[in-house]
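The stops below may be selected one after another.

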Amino acid sequence: MAALAGGPVVLDGGLSNQLESAGHDLSDELWSARLLAEQPEAITAAHQAYYEAGARVAITSSYQATFEGFARRGIEGEAAAGLLHRSVELAREAARRAMKGGVPGPLYVAASAGPYGAMLADGSEYRGRYGLSVGELERFHRPRLEVLAAAEPDVLALETVPDAEEGRALVSAVRGLGVPAWLSYSIEGGRTRAGQPLEEAFALAAEAPEIVAVGVNCCVPEDADAAVETAARVTGKPVVVYPNSGEEWDAQARAWRGRATFTAERVTAWAAGGARLIGGCCRVGPGSVSALAGLLTP
């Protein structure tokens, strides 16, 4: 909170695209979480690249790491918990290496907790409406959040949440963990992916002391513009924003199309509108983060 009070704090960019650019195959339902067990050094190197580019916060590789997902691979109980814990340790190690190499600190670690749909690996993370109650969603999220909190990250990143009902569950699930959290929705236009108005979704966190920032990620930059103003107005809290590059994925051609709309002008406007945690998601790499840091770092 002291860092946020001092002005905008730069987040990293897309972890998956950095890993893919280094030659790692992520065509797996565990996505980057698979490398926690198989190639942890690759994750450390990816985090370090973002720190060296100017990010002050690295978001861990635990987005798609869940007890249920690991169990499908025969990794259960303490072994799965160990991998979740490792995701925070790897980011810490990257911070140590970056500072040893001359990057000024402090550098922070945000432990990622993706939505229920990320565990299903069927695209429902971009739809929400899973057919589960708020209580059922809270019971899904709480054990993983307990493990991540025990690893002592600086903040929990409750990210890419498509549904206000899941947002409500997550706000309940972080109570009493002793680690601050940000809540970040995936949106389309002025609504969550599940169709609820953003005012309603953001308001869930307005009175929750555990939630220190509210905003959006994994959306197009154009949608982030208005969302930043809405989040600041509805909650009175610092805003977190880290959209995609703005390019579109052509599933048939398996290629990205269009042009990036993640621009310096947008970043400046987000900061002016109340954003205090600013970075990028898919297709936003170290080069873009370096440019962003140049705009926001005194």
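Begin with helix H4: Pro 40, Glu 41, Ile 43, Thr 44, His 47, Gln 48 and Tyr 51 meet Arg 86, Leu 90, Ala 91, Glu 93, Ala 94, Ala 95, Arg 97 and Ala 98 of H6, where a contact requires heavy atoms within 4.5 Å. The model is predicted, so that local features need pLDDT of at least 70 and side-chain atom pairs count only at pLDDT 80 or more, while totals for chains, interfaces and linings use all residues. Residues are numbered from 1 along each chain as its sequence is written, and side-chain values use heavy atoms, with hydrogens and water left out. Helices (H or I, at least four residues) and strands (E, at least two) are DSSP runs numbered from the N terminus.

**The helix pairs**

Display H4 together with H6 (residues 77–100): the two pack at an angle of about 50°, with their axes 8 Å apart. That angle makes H4 oblique to H6. Here the axes are lines fitted to C-alpha atoms, for helices over the stretch in contact, and angles run from 0 to 180 degrees between N-to-C directions. Angles under 35 degrees count as roughly parallel, over 145 as roughly antiparallel, 65 to 115 as roughly perpendicular, and the rest as oblique. The crossing of H4 and H6 is right-handed; in this convention the near helix is turned clockwise from the far one by less than a right angle, and a left-handed crossing has it turned anticlockwise.

On the H6 side the contact is made by Ala 81, Leu 84, His 85, Ser 87 and Val 88, and on the H8 side by Arg 144, Val 147, Leu 148 and Ala 150. H6 passes H8 in a right-handed crossing.

Next, select H8 (residues 134–150) with H9 (residues 164–173), which pack at about 45° with their axes 8 Å apart. This makes H8 oblique to H9, and H8 passes H9 in a right-handed crossing. Among the residues that meet are Val 134, Leu 137 and His 141 in H8, and Glu 165, Ala 169 and Leu 170 in H9.

**Helix H13**

Which residues of helix H13 are buried? In H13 (residues 286–296) they are Val 289, Leu 292, Ala 293 and Leu 296. They span an arc of only 100° around the axis, which places them on the same side of H13; the arc is that of the directions from the helix axis to the C-beta atoms. Buried means under 20% relative accessible area, exposed over 50%, and partly exposed in between (1.4 Å probe, protein chains only). Turn to the face away from the buried side to find the exposed residues Gly 287 and Gly 294. The cover over the buried residues of H13 includes strand S1 (9–10), helix H4 (40–53), helix H12 (264–272) and strand S12 (275–278).

In strand S12, select Leu 277. Leu 277 counts as buried, at 6% relative accessibility. Beyond residues up to four places away in sequence, Leu 277 touches Leu 4, Val 9, Leu 11, Val 57, Trp 182, Ala 213, Val 239, Val 240 and Val 241.

Move to Ser 184 in strand S5 (residues 181–185). Ser 184 counts as buried, at 0% relative accessibility. Apart from neighbours within four places in sequence, the contacts of Ser 184 include Leu 158, Thr 160, Gly 215, Asn 217 and Tyr 242.

**Aromatic rings**

A search of the whole structure finds five aromatic pairs. The rings of Phe 262 and Trp 270 have their centres 5.6 Å apart and their planes at 80°, so this pair is edge-to-face. Rings of Phe, Tyr and Trp (its six-membered ring) pair if their centres lie within 6.5 Å; planes under 30 degrees apart count as stacked, over 60 as edge-to-face and the rest as tilted. Both Phe 262 and Trp 270 are buried. Then highlight Tyr 116, Tyr 130 and Phe 140, which form one aromatic cluster.

**Backbone details**

Most residues other than glycine have a negative phi, and most peptide bonds are trans. The peptide bond from Gly 105 to Pro 106 is cis, with omega near 0°, and Pro 106 is found in the loop between H6 and strand S3 (108–113). In the loop between helix H7 (116–120) and H8 lies Ala 121, whose phi is positive, near 55°. Finish at Cys 218, in the loop between strand S8 (211–217) and helix H11 (221–235); Cys 218 has a positive phi of about 50° although it is not a glycine.
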